[in-house]
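Good morning. Please have a look at the model on the screen, and then I will go through a few parts of it.

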Amino acid sequence: MRIEEHPILKFDRGKKITFYYNGEKIEGYENETVAEALHAAGIRRLGYSPELHRPRGLFCAIGNCSSCFMTVNGEPNVRVCVLKCAEGMQVEEQQSKGVVKI
Amino acid sequence: MKDIEVLIIGGGPAGLCAASAAASMGAKVLICERNQDLGGQLMIQTGKFFGNKHAGMRGFQIGAELLQEIAAYPQIEVWTGATVLGIYEDGVVTCLYQGEHQKIKPAKIIIATGASENFLSFPGNDLPGVYAAGAAETLVHAGVKPAERVLMVGAGNIGLTVSYQLKQSGVDVAAVIEVMPQIGGYLVHASKLQRCGIPIKTSMTIAEAYGNGKVEGAKIVKLDENRQVIPGSEEDIVCDAICLSVGLSPLAELCWLAGCKMACIRELGGCVPLVDQTMETTVSGVYAAGDVSGLEEATTAMLEGRLAGISAAAALGYKVDQAAEMQEACRRELKTLRSGPMSEKIRHGLEKMAAKRGAVVC
């Protein structure tokens with residue numbers, strides 16, 4: 001859920017954009033990260049651990065811990081806590097370690 | 001290969017102050033920041049600072065001021081989305097920037113990579129909804145509610161201030177629990193929470209997080225004076241998120257890589273590079289400032305950054321006649337900030353560092 005009223009902060013979210021989470025349409029804003037837009041849409045499971053397949057969510061939000069790895073436009077292991085939303089972006093939950101195309 | 005006089009790794013409060021100080025003395029500076037935005041964690045702090053010239057300003061306002069300062073210097077170049085990958089024996093630094101493997105040859109390096117929040121071991125700690133407190137703060141700053149009802153683990157300054165920010169944003173804070181018998185952070189922050197009716201429970205820890213695929217609650221337990229669980233003390237907290245504010249660890253990998261002499265100093269948050277009173281590490285021309293050289297606060301990180309920036313520029317021959325006085329002014333201000341009873345731990349840590357360094361440290 002988004003916060004509309006705040007006693008101190010004003011939110012400069014920028015332009016509204018649409019991207020896709022596992023094929024489902026999600027509305028976000030250009031100044032938000034993918035993790036923030038997904039949280040606003042009530043989605044907190046971002047993927048699964050590669051070995052035990054336990055659900056994984058956001059942890060550090062500074063691009064350090066790897067808990068938020070998702071597949072973005074076909075590229076695995078993208079840290080969505082520091083990736084800004086972009087129009088038409090395809091974001092998917094990751095099930096395994098992923099394969100990097102070279 | 002890109003030649004630069006001062007390379008600053010990390011664009012948080014320490015790095016930005018280092019850049020501004022070095023540039024003000026005439027040095028050409030490059031800042032490499034891993035994320036897309038400069039300012040680091042300062043940009044998400046809504047609490048008011050106290051202490052020095054920034055007293056009364058909110059963290060993000062100080063950050064905005066620093067960004068303006070940086071933008072005013074044409075000799076500061078900024079690379080964002082630039083991850084430094086290596087520091088080699090011949091002084092070459094490699095960096096992933098704009099999809100390319102870049103090589104940089106700096107005359108001086110200032111490592112200001114900051115710290116990351118600690119994790120905590122308990123069953124269910126990997127459930128979606130277990131956040132570092134700073135992550136919840138980041139979501140709030142972006143205008144997104146991290147959850148409806150939160151359990152905060154840790155009553156240090158981060159735990160207390162983030163709890164207050166969550167409350168301000170309409171998130172219910174079920175409780176703040178603290179493993180120690182007393183509150184770790186400033187009383188002024190704790191009082192604010194208590195006035196909101198948020199309980200702060202000391203000598204308590206989290207035993208378990210539970211839920212089906214996401215956090216649905218937590219079990220907390222009371223500890224005796226030997227930190228053993230008191231049987232029958234278990235309480236159930238219904239919540240959809242658990243925030244951990246159980247300390248930070250310096251992000252010192254690049255210091256190790258550069259060959260800096262390191263020491264594990266508990267009071268400074270873990271393994272840190274040994275620095276002297278100019279913030280120079282044991283590797284000549286490599287400086288470290290901010291949380292990476294000892295966990296403290298943004299106010300001291302900014303001063304350490306400034307000191308490192310002055311030192312690096314002076315070592316390059318800029319304003320050598322004024323440098324000693326400028327450095328001394330930074331050190332005086334640091335000393336004042338570290339003089340209070342809450343800084344006892346830091347003072348201890350710095351004494352240990354001085355003993356290990358075999359020199360005076362800042």
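Is the crossing of helix 4 of chain B and helix 5 of chain B left-handed or right-handed? The crossing is left-handed, meaning that the near helix is turned anticlockwise from the far one by less than a right angle, where clockwise would be right-handed.

Some notes on the source. This is a predicted model, in which local features need pLDDT of at least 70 and side-chain atom pairs count only at pLDDT 80 or more, while totals for chains, interfaces and linings use all residues. Residues are numbered from 1 along each chain as its sequence is written, and chains are lettered from A and ligands numbered from 1 in the order in which they are written.

Back to the two helices (DSSP runs of H or I, at least four residues, numbered from the N terminus; strands are E, at least two). The axes of helix 4 (residues 157-168) and helix 5 (residues 187-195) of chain B come within 9 Å and cross at roughly 35°. Axes here are lines fitted to C-alpha atoms over the stretch in contact, with angles from 0 to 180 degrees between N-to-C directions. Contact means C-beta atoms, placed from the backbone, within 7 Å. On helix 4 of chain B, the residues involved include Leu160(B) and Tyr164(B); on helix 5 of chain B, they include Ala190(B) and Leu193(B).

Next, the chains. Their contact takes 27 residues from chain B and 29 residues from chain A. On the chain B side, helix 3 gives the largest share, five residues.

Last, Gly340(B), in the loop between helix 8 (320-337) and helix 9 (344-357) of chain B. Gly340(B) is exposed because it has 12 other C-beta atoms within 10 Å (exposed is 12 or fewer, buried 20 or more, partly exposed in between).

Methods
Two residues are in contact if their C-beta atoms, placed from the backbone, lie within 7 Å.
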